[in-house]
Amino acid sequence: MPNPNYITPEGARRLSEELGRLRSVDRPRIVQEVADAAAQGDRSENAEYIYGKRKLREIDRRMHYLTKRLESAVVVDPKEQKGDKVFFGAAIEVEDEDGKRHTYRIVGEDEIDSKTGRISWKSPVGRALLGKSPGDVVTVRRPAGDIEMEIVSVKYT
């Protein structure tokens with residue numbers, strides 16, 4: 001598997017819920033709106049019909065994407081990880097050069113959320129942290145210049 005799609009159980013559940021909502025709520029609603037707009041007559045100048053068809057294509061595209069991502073998903077439960085090395089699903093507390101502490105959680109590409117510190121295992125920070133232990137210092141290359149971070153703690157919850 002050249003490019004695995006690792007995901008946490010929580011992330012897989014969220015993708016499944018979104019796919020289910022699109023399939024059972026959003027798509028049927030838009031199909032009905034398009035049918036109602038089509039019943040009004042001339043479709044070539046009917047903005048509701050044109051917009052509805054465009055929205056329907058967007059929903060179908062998203063459903064296709066989610067289906068493919070879920071089919072290729074490799075679910076990794078962080079609770080099954082042991083030890084203090086950084087692997088997928090770990091919550092890592094780091095201290096940067098300025099003494100500021102940050103907490104990151106290593107997650108899959110479909111779960112990234114920078115506001116909550118969820119970073120991809122493929123990101124520069126994620127790649128730098130993988131396989132390291134508390135006390136290790138890692139250097140992260142970034143456009144604004146390299147930064148060093150010391151790993152303070154690693155937890156799996």
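**Exercise 1. How many aromatic pairs does the count come to by the ring-centre rule?**

Solution. The model is predicted, so local features need pLDDT of at least 70 and side-chain atom pairs count only at pLDDT 80 or more, while totals for chains, interfaces and linings use all residues. Residues are numbered from 1 along each chain as its sequence is written, and side-chain values use heavy atoms, with hydrogens and water left out.

Step 1. Apply the rule: rings of Phe, Tyr and Trp (its six-membered ring) pair if their centres lie within 6.5 Å; planes under 30 degrees apart are stacked, over 60 edge-to-face, and the rest tilted. The count is two aromatic pairs.

Step 2. Take the pair Y6 and F88: the ring centres are 5.8 Å apart and the planes stand at 50°, so this pair is tilted.

Step 3. Y6 is in strand β1 (residues 5-7) and F88 in the loop between β2 (73-75) and β3, so the pair ties together parts 82 residues apart in sequence. Strands (E, at least two residues) and helices (H or I, at least four) are DSSP runs, numbered from the N terminus.

**Exercise 2. Describe the two spans annotated as domains in UniProt.**

Solution. Step 1. UniProt, in an unreviewed entry, places "domain: Transcription elongation factor GreA/GreB N-terminal" at residues 5-75. Such positions follow the numbering used here, feature names are shortened, and annotations may be inferred rather than shown by experiment. Residues 5-75 are 77% helix and 8% strand, with end C-alpha atoms 8 Å apart.

Step 1. The UniProt annotation "domain: Transcription elongation factor GreA/GreB C-terminal", also from an unreviewed entry, covers residues 82-156. Here the chain is 8% helix and 39% strand, and the end C-alpha atoms are 8 Å apart.

**Exercise 3. In what order do the five strands of the open sheet stand, and which strands are at its edges?**

Solution. Step 1. Two strands pair if DSSP finds at least two bridges between them. Strand β3 (residues 91-96) pairs with β4 (residues 101-107) in the antiparallel sense over five bridges, and I92 stands opposite Y104 in β4. The two form a hairpin with four residues between them, where G99 in the turn has a positive phi of about 85°.

Step 1. β3 also pairs with β7 (residues 147-155), antiparallel over six bridges. In this pairing D96 stands opposite M149, and V94 has I151 as its bridge partner.

Step 2. β6 and β7 pair in the antiparallel sense over four bridges. T139 stands opposite E148 in β7, and V138 stands opposite M149. This hairpin has six residues between its strands, and G145 in the turn has a positive phi of about 120°.

Step 3. The order is β5-β4-β3-β7-β6, with mixed pairing. β5 (118-120) and β6 (137-140) stand at the edges with a single partner strand each, so one side of each has no neighbour in the sheet.

**Exercise 4. Into what classes do the residues lining the largest pocket divide?**

Solution. Step 1. List the lining: T8, P9, E10, D77, P78, K79, G89, R105, E111, R118 and T157.

Step 1. Assign classes: Ala, Val, Leu, Ile, Met, Phe, Trp, Tyr, Cys and Pro are nonpolar, Asp, Glu, Lys and Arg charged, and the others, Gly among them, polar. The lining divides into two nonpolar, three polar and six charged residues.

Note on methods:
On a 1 Å grid over the protein atoms alone, a cavity is a set of points where a 1.4 Å probe fits but cannot get out, and a pocket is an open set with protein on both sides within 12 Å along at least five of seven lines; lining residues have an atom within 4 Å of a point.
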